Each structure stands twice: as structure tokens, then as C-alpha cells.
Amino acid sequence: STGLDGREDLQQMILELGFDWVSCLYPAHAAMEDLHGTDNPPSQTAYDNILAAQRAAQPFLYPTGLLEIPMSPVSDIGAFRTGRWQLEYFLQAIRTSVRWAIEHKAMFDFLAHPSCLGVVDPGFQAIDLICNMVDQSGGQAEIVGLDTIAKRSRQSVEK
């Protein structure tokens, strides 16, 4: 949940290997009771915490100049394996975070694992939701790879 904060040695090693960005920070976000297999719907507090973490999960530079591109909460593992959420709860969390990212011209870095998401969402509803929201954004959002995010983020954080 802290990425490479305080680990300038690792930041420097990554830079020396020729990388100028990483995506290793996954911010803490959920009310604990909502991610421990209760089979209950997430509380409003959980959704609020996810959105607060999304606000914080924006690219930044470490002291060494290494760019961090945080992953957006909530991951499929957190929602489905740990929290035992239903798909509709996960889609609501995505909808809220993507809406915020579009409204604030911010980044949403979807974190999913094929071995999990493919099982609980075989129809790719989560991917369709993100794509549809971007399509309906009137040009305010686009789907790009992390290299593009890194290039754009570096330009904006170095200003």
C-alpha cells in the first residue's frame, strides 16, 4: 500500500535498469468488514473509502525521479476472493471510480487478474462498463496503455 515510498535504493535500482516508471502502489482503501468474506453488500463507507483511494491513486514522482502509476482500487481479488462480493457490487465500485476519473480528468488504472475476473465475470461486464463509460464521455476520456499514461503524467508532474 506504500509502493516504493522510503525505498530510494529500489527506486534507483529500477532507474538504473532503464525503467522510468513503475506501477506497484495499490492504496489501502476498504473498511475491513467489507473485505473479509461476509457475503454482505459493501457498506457506503467501503465505497467512500474506495473513491478516496482513487483520488489518491494518481501518478506522482518519487524523490529519485521514478514515476509511480498507482493501481486503482478495488481489485477483483479484493472484491471477489477476499470480500466475496457479487459482481454488481464490483461494477458499482468501478462505475463510481471511473466517473470520478472522467469528471476530474484523472487516471483510472484497472487492476484485474484473468484467473479471478474471468471466473466471476465471464461476460466481461467490468471491461464493457469501463469501455462504455469512456465511449460516452464525449471525448473527455480515452483508453490508453501505461506507457502513454507515464509519458503524459511525467509531462504534467514535471511542470
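## Conventions

Helices (H or I, at least four residues) and strands (E, at least two) are DSSP runs, numbered from the N terminus. The model is predicted, so local features need pLDDT of at least 70, side-chain atom pairs count only at pLDDT 80 or more, and totals for chains, interfaces and linings use all residues. Residues are numbered from 1 along each chain as its sequence is written, and side-chain values use heavy atoms, with hydrogens and water left out.

## Arg154 in helix 7

Arg154 lies in helix 7, residues 146-157. Its relative accessible area is 17%. Arg154 therefore counts as buried (under 20% relative accessible area; exposed is over 50%, partly exposed in between, with a 1.4 Å probe and protein chains only).

Which backbone oxygens does the side chain of Arg154 reach? One belongs to Asp20, and it lies 2.6 Å from a polar atom of the Arg154 side chain. Another is the backbone oxygen of Gly65, at 3.1 Å. A polar contact is a pair of N or O atoms within 3.5 Å; within protein, one must be able to donate a hydrogen and the other to accept it, and residues adjacent in sequence count only if both atoms are side-chain atoms. Contact in general means heavy atoms within 4.5 Å. Leaving aside neighbours within four places in sequence, Arg154 is in contact with Asp20, Leu61, Gly65, Leu66 and Leu67.

## Helix 4 against helix 6

Two packed helices are described by the angle between their axes and the distance between the axes. Axes are lines fitted to C-alpha atoms, for helices over the stretch in contact, and angles run from 0 to 180 degrees between N-to-C directions. Helix 4 spans residues 87-103 and helix 6 spans residues 125-135. Their axes come within 10 Å and cross at roughly 25 degrees. That makes helix 4 roughly parallel to helix 6 (under 35 degrees; over 145 is roughly antiparallel, 65 to 115 roughly perpendicular, the rest oblique).

From helix 4, the contact uses Leu87, Phe90, Leu91, Ile94, Arg95, Val98, Arg99 and Ile102. They meet Gln125, Ala126, Leu129, Ile130 and Met133 of helix 6. By class, the contact of helix 4 with helix 6 has ten nonpolar, one polar and two charged residues. Ala, Val, Leu, Ile, Met, Phe, Trp, Tyr, Cys and Pro count as nonpolar, Asp, Glu, Lys and Arg as charged, and the others, Gly among them, as polar.

## Met133 in helix 6

Met133 is found in helix 6. Is Met133 buried or exposed? At 14% relative accessibility, Met133 counts as buried. Not counting residues up to four places away in sequence, Met133 touches Arg95, Val98, Arg99 and Ile102.

## Helix 2 against helix 4

Helix 2 (residues 44-56) packs on helix 4 at an angle of about 40 degrees, with the axes 10 Å apart. This crossing is right-handed. Helix 2 contributes Tyr47, Ile50, Leu51, Gln54 and Arg55. Helix 4 contributes Tyr89, Gln92, Ala93, Thr96, Ser97, Trp100 and Ala101. The contact of helix 2 with helix 4 has seven nonpolar, four polar and one charged residues.

## Backbone exceptions

Most residues other than glycine have a negative phi, and most peptide bonds are trans. Lys105 has a positive phi, near 50 degrees. It sits in the loop between helix 4 and helix 5. Lys105 is exposed, with a relative accessible area of 67%. Phe124 also has a positive phi, about 55 degrees, and lies in the loop between helix 5 and helix 6.

A cis peptide bond joins Pro73 and Val74, with omega about -5 degrees. Val74 is in the loop between strand 3 (67-68) and helix 3 (76-82).

Pro122 is placed in the loop between helix 5 (114-120) and helix 6. Pro122 is exposed, at 58% relative accessible area. Its C-alpha atom is 31 Å from that of Glu68, 54 residues away along the chain.

Ala141 is in the loop between helix 6 and helix 7. Ala141 is partly exposed, with a relative accessible area of 22%. Leaving out residues up to four places away in sequence, Ala141 touches Ile102 and Val134. The C-alpha atoms of Ala141 and Val98, 43 residues apart along the chain, are 9.6 Å from each other.

Technical notes:
Left-handed = near helix turned anticlockwise from the far one by under 90°.
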